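Student: I would like to learn how to read a model like this one. Can we go through it feature by feature?

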Amino acid sequence: MRAYAVVLPSFWTGSTGKAITAAGKNARIVATYLLTCEHANMIGLYRLPSLYIAEETGLKRSEVLPVLQRLETLGFAHYDQTTEYVWVLEMARIQMGLLPGESLKEGDKRSTGAARLYKNIAANPFLGPFYTRYSSILGLTLKREFLTETKPPLDSLQGASEPLARGYDPDPSLNSLRKGEMGETKTSPFALATPTPEEIKERWNTIPGVKPCKVLGSTIRDLVRRRLAEHPDPRWWDDLLKEIQDSDFLCGRTKGKDGPFPAPLNWVLESKNLDKILAGNYEPPPKPCQERIHKNGSHHSTPCGKDSVIEISTRPLCQEHKEYHERRNNATKIATT
């Protein structure tokens, strides 16, 4: 479950907080729950069936939806009954400790984590509004729209639109999934449907260096099912497992103070650890730029040493030397034409 959640004192003393207090006990309970429940994430846009709210707050199901509607009128949160997604409007800013009008600085890992969460959540009506509100604050570059990620009915007799995963293809191959905006595809080891806990276990055991999961006991199975309910898209699991496979720390290729750490499946799927993985905390550090340079008039060239942004076939390069080679190559092309 989540390690912690930020609730500011102004939650009780600010204008919205006072309005929530005035709306009654149930409004206070649900508003606090939306900020602190284990289903939430750091951007405040997540799936939350009303049944969970009722069960975990002790309210009746008949009381939950009217309270959510009231919180929407107060400008605190929006809730969509069809997709069961909630968006707590100011939660992303508050969880990241940002003042109104403040943005994450370039290179902040929280920006990467927020972008991944936004990219991987299932289609819901708040995708576009969230991007509009937070694109500059969180440094989001990918804009998603709910209407372009749902399948429209062929005629009025077929009912409402059917929500689909991102990259919907009218005639999808069962062995391939959309990869990007250019229409290229990538093959997923999972079927197009939501993976099963057994498939997750089998994929996990193919990652070199992690701690194998020999048996899916009831506790781990329930944990896997909980994450599958939150992330049914097989591409989300592809990205997660690749992130783990690329991590030297999670695959036991580095030694900490207690020796190598071969990550177990249940550790990875715990909310507090999963948030760190998605935020990029366990990504391998960038390789240093190997461009040879002269320092202090020395005739002995040494590696540049700055963090690389690309890696060509011979060596990694930093942004400065990448641009230098691009300018030189362009000049060569012009000279030869």
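Student: Which element gives the largest share of the lining of the largest cavity?

Tutor: First, the ground rules. This is a predicted model, where local features need pLDDT of at least 70, side-chain atom pairs count only at pLDDT 80 or more, and totals for chains, interfaces and linings use all residues. Residues are numbered from 1 along each chain as its sequence is written, and side-chain values use heavy atoms, with hydrogens and water left out. Now the general idea. Rolling a probe the size of a water molecule over the atoms shows where empty space is left. A cavity is a set of points, on a 1 Å grid over the protein atoms alone, where a 1.4 Å probe fits but cannot get out. Lining residues have an atom within 4 Å of a point. In this structure, helix 13 gives the largest share of that lining, 4 residues.

Student: How many cavities are there, and what volume has the largest?

Tutor: The count is 2 cavities of 30 Å³ or more. Grid points are joined across faces, edges and corners, and the volume is the space filled by probe spheres set on the points. The lining of the largest cavity holds 19 residues, and H39, A40, N41, E230 and H231 lie nearest its centre. Strand 1, helix 10 and helix 13 are the elements that give two or more residues to this lining.

Student: How are helices and strands numbered?

Tutor: They are DSSP runs, numbered from the N terminus: helices are H or I with at least four residues, strands are E with at least two. The chain has 14 helices and 13 strands.

Student: Which residues of helix 13 are buried?

Tutor: Buried means under 20% relative accessible area, exposed over 50%, and partly exposed in between, with a 1.4 Å probe and protein chains only. Of the 337 residues of the chain, 38% count as buried. In helix 13 (residues 271–278), the buried ones are S271, N273, L274, I277 and L278. They lie on the same side of helix 13, because they cover an arc of only 160° around the axis. That arc is taken from the directions from the helix axis to the C-beta atoms.

Student: What covers the buried residues of helix 13?

Tutor: Think in contacts, meaning heavy atoms within 4.5 Å. The cover includes helix 7 (109–120), helix 10 (218–230), helix 11 (234–246) and helix 12 (265–269).

Student: Where does L48 lie?

Tutor: L48 is in the loop between strand 1 and helix 4. L48 is buried, with a relative accessible area of 0%. Among the residues L48 touches, past four places in sequence, are C37, Y79 and E84.

Student: What is the phi of E84?

Tutor: Most residues other than glycine have a negative phi. E84 is not a glycine, yet its phi is positive, about 60°. E84 lies in the loop between strand 2 (77–80) and strand 3 (85–88), and E84 is partly exposed at 22%. A glycine case is G280, which follows helix 13 with a positive phi near 90°.

Student: And how accessible is E106?

Tutor: E106 counts as exposed, at 84% relative accessibility. E106 is found in the loop between helix 6 (91–95) and helix 7.

Methods: 1 Å grid on protein atoms, 1.4 Å probe; cavity = no way out; pocket = protein on both sides within 12 Å on 5 of 7 lines; lining within 4 Å.
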